[in-house]
Amino acid sequence: MKRYIYKGTIIFSLLFTIACSKSLDTQPTSSIDQAEALKTSDDVQVALVGAYYDMGSADLFGGGSSVTAELLGDYNELNWTGTFQDMTQIKNKDITTNNVFITGTWLDAYKAINDVNNILGALSVVNASDAGRIEGEAKFIRASSLFELVRLFAKSWNDGTPSSNPGVPIILNPTKGITAADKVSRNSVQEVYDQVINDLKDAEGKLPLDNGFFANKAAAAAMLARVYLQKEDYPAAADAANRAINLGGAAGLSLTDKYADAFAIVFPPAPVGNTTEDVFAIQVNTSSGINAFSRYFSPYGRGDIQIKPAHFDLYEAGDDRLNLFYNAAGSDVTGKFDNRYGNIHTIRLAEMYLIRAEANFRTSGSVGANPADDINLIRRRVNLTPIADANLTLDIILHERKLELAFEGFNLHDIKRTKASIGSLNYNSPKLIFPIPKREIIVNPNLTQNEGY
Amino acid sequence: MRKSRLLLLLITLLTSSVMGQDRILNGKVMDSRDGTPMPSVSIRAKGSSNSTMTNTDGTFSIKLASSAKSLTFSSVGFNDQEVQITGKDLVVSMKPADMSMNEVVVVGFGNARRKDIVGSVAKVNAKDITNTPSTSFESALQGKASGVLVQQQNGKLGQGINIRIRGNSSITAGNEPLVVLDGIPVTSDNLSSNGAATNALADINMNDIESIEILKDASSAAIYGSRASNGVLLITTKKGKAGTSKIEFGFFTGTQTPTGKREFLNTTDYVKYQQRAAVGAANQDFINGYYPDLQSAIDDYTNYVNGKLTRYSAGNDDWKTGKVNTNWQDQAFQKAPISQYDLNLSGGNDKTRFFASGQYLDQKGMLVGNQYKRYSGRLNVDHQVNKWLNAGVNLSFTKSQNFRVSNDDAFSTPLQIVALSPNTPLIDPRTGLISGAKDTLTGRPNSNYPVYYNPLLNKLNAYYHANVNRTFGNAYLSATITKGLVFRSEFGMDQLNQTEEGYQGQLTSRNSGVPNGSGLYYSTSVLNLNTNNYFNYRNIFAEVHSIDAVAGMSYQTRQFDFSGARGEQFPSDAYKKLSSAASKTGATSSSTSNTLISYFARANYKLHDRYLVSLSGRIDGSSRFGANNRYGFFPAAAVGWVISEESFLKSVNWLNFLKLKASYGVTGNDNISDFASRGLYSGNGAYGGQAGQIPSQIANPDLRWESTAGVDVGFESGFFNNRLNIEFSYYQRNTTDLLLYVDVPGTTGFSSQYKNVGKLSNKGIEFTINSTNISSKYFRWTSSLNFAANKNKIISMDGQVLGSDVNKAKEGQPLGVFVAKEFAGADPQNGDAIYYKNTEKPGGGLDRSTTNNYNDATDVVIGKPNPDFIYGFDNAIFYRSFDLDVLFQGVYGNQIYNSGGQYMSASGSNGFDNQTTDQLKAWDKPGDKTMVPEPRLFYANGTNPSSRYISDGSYLRLKSLTFGYNLPKTVLTKIHMQRFRIYLRAQNLLTFTKYKGWDPEVNADYQASNINQGVDFYSAPQAKTIVFGLNIGL
């Protein structure tokens, strides 16, 4: 009998061993292999949705890169009382190269870019009827992310020679594995702008007029207007803004009746759809998306940023925009971002009117409308008296722009393109440019660091 | 049937050298110390297969072949005794084994006598573990075994404890040892969802543990192959003994208090400090051109600060007089009683032995709101089915409830309360409620009073409960096939079910960001199934060749399932379940699994009781690695020479034992995520209510094991009748193919990737000295000293620097070194924080001049979190019925980085955080020489990472002190008791350290990782525990 046991155990062990070997092939359940991910048109469509998700990351279009720009661009209108030392650095214009928020912006932007590069590389499996739209959306996301990078991490267009100033690396191919070729160098500022403009032009051509809350023709034209304005290409800016207004109008966009309505504030915080003024908005709801504006500006978030008296001094009496401010137990705050589940209003139609007005004024043109009409559209909505054509100046336009778009991420970039200053810092001070993240310099010696870091 | 009987007969014929006339011999075995009869002593006739065991009363009767000349008596804990057969009845008295040379040590898939072991195995016995007044057994290992560093992250209950055996062998894969309970590897992962690790080993009732063997060197651990790089803990639970049935009742109760506190400013100093910080900031604003003249800047800032001081004084002017002076730190702590009740029953007969136990632990934490309860039960049964078959089961069930507090990084964690202003009253006079509970203007909780969210509101209106149900079970069958050849089959499971339920009510809205309550419910289940099937062959040939061989296979599969849901907006705080949440804000589920299949073999050969050789090998196949590198081979070899058995040393009286040993082995580490080698897309890219997928991981099809090759040489010795024992080891462990989660260029769209790059090494020495200083009839004093020095160094890692905080993994440095600027104090001219530049000078050397521009200074290594050496020193004294045990434990040569310093010791730079008292030494006027820069409100003057926040982390602790009294046997007999003992025990009674923080044994829970070590961030101190206990045995 013992021999049977002996034999039996050996046979049992062998059988068991064979059975077990097979089970070494376990498969992931929460993710799928990359080879299985982009096989059908539907696969590419869901990857595109994913790319918007990454575009809306906290340190990118989720608002983070705008909040950091506001803090860096602020002179004495904001009060930072938060505990995040890396934000304090930015507010104090004393940035270290390992700043987590700045590193986050860099990583988030290139993640979104890789997402869409994968999509652009898989267009061959997409249904013909969707291919143009998907390509257009992908290029819109890539261009928007690249533009955000170049204006934060490189010298501004009007500072020296864009064709030789280092910009940021342009990445156009999906990453399938990590190789030495991934140690890329910085393209010039001009190359980056060219890539951004080409992508946006392509996008505008291929996107549909109406595309739900995803990017449409108007969004591409609007982003293009923003880029041209930053590049001081005013005729092109006026044209693009005008197209955005018309395309948007055809898709049903118009300024909201009240300024406050453009920010869709509800209490308690809850997801709200796009407003009629949203040319493009990053979607936030209770289960996905982050509203970093709300996080830092709103007392319902961390409430780290308060508004100082110097800002209020800028307004004319009766300006309805003043009514959005309130006192939260001793500190003045803006209520613009009180809905933490609200969408990020990445491009509001009001910005297009302001770009068109400014670009037309600078070129003495009247593409779409004359500058005073556009400015008065903005002023009337907030109960301010119209300004006569003859009295309109560039300063008035820029002033209107500053108040209308206050804290939405424009201030720093407007200071740079108008060669203004922040306290004792000139528009072209190296302190107003983000450092290339330290981690990036370490893993990729081909990247040069910005001056002053 | 007939056939098998024939076979049996045949075997008996073959194995019995000579068959002769049988005779019966009777006798009795006693304990030499007190003459009590000894049950279960095994008795073997030398030169024949006959054997037996003593009965309950110590008597035995053995059938002997006429050829039998002598009998060998053996019992665990006693020296073997060989007695010549004279024909008369025998009376044998057994002597307790001296200093463990003969003690049985559990090794992987078997056991061995201490003197025969050639690897490096430490053993901690039940008596050192039992009744340690702490949540988990690891605490009991502190200072007990050389080379084993045990560190508890903080004083929160049931939370992370790190065990490092001979240093850190990995940078990004796990560094914790494999834990094997009664032969079955168990789940020891952190399963917490609140950002701070929990300890899955806390589910083991430490009073059930008979022994813990720690396999330290590669040769003893290699039998566990791909998971053995960090060493192996073999936990063996108690078994019943044949003969006496015993009931034991144990109880202790006591209190816990923090081992240390920090000093913070009182109201008067705080007010002065903030006002000075206002002037400092105003001066900067003026220099920066924000104000036309200094005075208006000062006026602005002073108004601002005074306004805030009023706000934080509950809206009144009390701050001016210092009338309110709240010690917030004291409010973070609560009375913390601890009680434990044990009852166990054990016994059995020749055929069946059992051990049954139950325990209830009721522990309150020192931090407000922290509490831990554990109920556990165990039944271990061993049964001899027939002459050749043994079977048994070990079953244990544990239910634990942990009322947890937030992780160290949360505003709601109790100890962050120290940031609140001392002028803020505990009770807001405007409402009569705790400060922060209600704003009279809105009727809702305050949004900006006190300066931060008051963590006490969490105690009132929030909870986070982690409930664990855990079942450990294993069954074994052991069949003796022929003499010496045993087949053993084990099947074990470890089922862990955890639910975490949390609710944050309306009062917590400032912290949760949700006005009407938020709740969560997470469920985690981990099932570990394991089977071991192996043959063991033991025999002695020609009296001098001793063989002990093992060969077999094992298979393990682990299934992990997680699901969770969150909701917000509850009708009122009376509703706390998610069904009442108006808004369901999150729902998730995930699962993962892995399998491991292994074949292993080991052969130990001993010649003439003095030449020892051990060879072992294991092949592991793991689902975690790509098909290319799925199987790994882990060999080991060891040799030993017991010189004291040689004739030329036998005559040396003072030397009882001397063994030289050397070993080499290769072990692996597969402790990475289950699908680390794959290129993956994840479906978590939903946007605007539409499903989305995103690339989540970049592939590395070549990913393989991390492997560690270890060399160990040393000796074990016994002198002067074994009253002095010395063990020494030198080891070197080289880890190659490090599984690094390396940074990749972010421009690829990925930030990191698992790769096999790099090497690191650990070198060290260990020694243990045990001595019996005095041993007389009534007085016995023994000492035990252990010491271990380890030097860890990262040899290469492809030029990478890993670590996103101050701790880094860097080539040429030990793992986790602190890297930051070197702080040089305050600039005597203007009070700016200044740093040593430490830039390389063209001609070589470092530029030691200072700069006030943080970016101009170079990052340098400013400290390391791991100690140069660790030690333990234990003294035990027995005098008549009294006993005293004093254990000191310490670490030396490590540093601590106070990451909370940027807020609490920040020259007032972070606004209104209360400051540690050392900040009073701040720069005030030109010419001041100080290490504390000028206070400047919100100006971050010197708060960026630097050596300003580094301190010496060495400490020496009176780890445990036990004073006990046992009723003498004479009395016990009268009252029919086996045992009656009362004792006082103190843990962490005294701590000697230069560290100015709460406690030097610290690592902030939310950030702890292989790299991030030795960081303090509002981390709770360890507990100083004093208990009174009682043991009754019937």
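This is a predicted model: local features need pLDDT of at least 70, side-chain atom pairs count only at pLDDT 80 or more; totals for chains, interfaces and linings use all residues.
Let's start where the two chains meet. Chain A puts 80 residues into the contact and chain B puts in 78 residues. On the chain A side, the elements that give two or more residues are α1 (2-22), β1 (31-33), α2 (41-55), α4 (85-91), α5 (100-121) and α16 (438-443). Of these, α1(A) supplies the largest share, with ten residues. Sort the chain A side by class and you get 32 nonpolar, 36 polar and twelve charged residues.

One of those elements, β1(A), also pairs with a strand from the other chain. Its partner is β32 (residues 680-682) of chain B, and the two run antiparallel, joined by three bridges. If you want a spot to look for in the viewer, find Ile32(A), which stands opposite Tyr681(B) in β32(B).

Now move into chain A and look at how its helices pack. Two packed helices are described by the angle between their axes and the distance between the axes.

Take α8 (residues 217-230) of chain A to begin with. Its axis comes within 10 Å of the α12(A) axis, and the two cross at roughly 40°. That angle makes α8(A) oblique to α12(A). The crossing of this pair is left-handed. By class, that is six nonpolar residues, one charged residue and no polar ones.

Next comes α9 (residues 234-250) of chain A. Here the axes come within 8 Å and cross at roughly 145°, and α9(A) passes α12(A) in a left-handed crossing.

While you are still in chain A, have a look at α3 (residues 64-73). How many of its residues are buried? Ten of its ten residues are, so to speak, under cover, and the helix counts as mostly covered.

Chain B gives us some sheets to follow. One is an open sheet of five strands in the order β10-β15-β16-β13-β14, with mixed pairing. At its edges stand β10 (121-125) and β14 (184-185) of chain B; each has a single partner strand, so one side of each is left without a neighbour in the sheet. Within this sheet, β15 (residues 209-215) and β16 (residues 232-237) of chain B run antiparallel and are joined by six bridges. Ser211(B) stands opposite Thr236(B) in β16(B).

There is also an open sheet of three strands in chain B, ordered β43-β44-β47, with antiparallel pairing. Its edge strands are β43 (822-826) and β47 (850-851), and each pairs on one side only. β44 (residues 833-836) of chain B pairs with β47(B) over two bridges, and Tyr835(B) stands opposite Thr851(B) in β47(B).

For a strand that is well wrapped up, go to β36 (residues 739-743) of chain B. Five of its five residues are buried, so this strand is largely enclosed by the rest of the structure. In a regular strand the side chains alternate between the two faces of the sheet. In β36(B), Leu739(B), Tyr741(B) and Asp743(B) are on one side, Leu740(B) and Val742(B) are on the other, and both faces are covered. β36(B) pairs with β37 (residues 752-756) of chain B in the antiparallel sense over five bridges, with Tyr741(B) opposite Tyr754(B).

Last stop: Ser647(B), which sits in helix α9 (residues 647-650) of chain B. Is Ser647(B) buried or exposed? Exposed: with 12 or fewer as the cut-off, Ser647(B) has 6 other C-beta atoms within 10 Å. Ser647(B) is also 218 residues from Pro865(B) in sequence, and their C-alpha atoms are 49 Å apart in space.

Notes: Residues are numbered from 1 along each chain as its sequence is written. Chains are lettered from A and ligands numbered from 1 in the order in which they are written. Axes are lines fitted to C-alpha atoms, for helices over the stretch in contact, and angles run from 0 to 180 degrees between N-to-C directions. Helices (H or I, at least four residues) and strands (E, at least two) are DSSP runs, numbered from the N terminus. Angles under 35 degrees count as roughly parallel, over 145 as roughly antiparallel, 65 to 115 as roughly perpendicular and the rest as oblique. A crossing is left-handed if the near helix is turned anticlockwise from the far one by less than a right angle, and right-handed if clockwise. Ala, Val, Leu, Ile, Met, Phe, Trp, Tyr, Cys and Pro count as nonpolar, Asp, Glu, Lys and Arg as charged, and the others, Gly among them, as polar. A residue is buried if 20 or more other C-beta atoms lie within 10 Å of its own, exposed if 12 or fewer, and partly exposed in between; C-beta atoms are placed from the backbone. Two strands pair if DSSP finds at least two bridges between them. Two residues are in contact if their C-beta atoms, placed from the backbone, lie within 7 Å.
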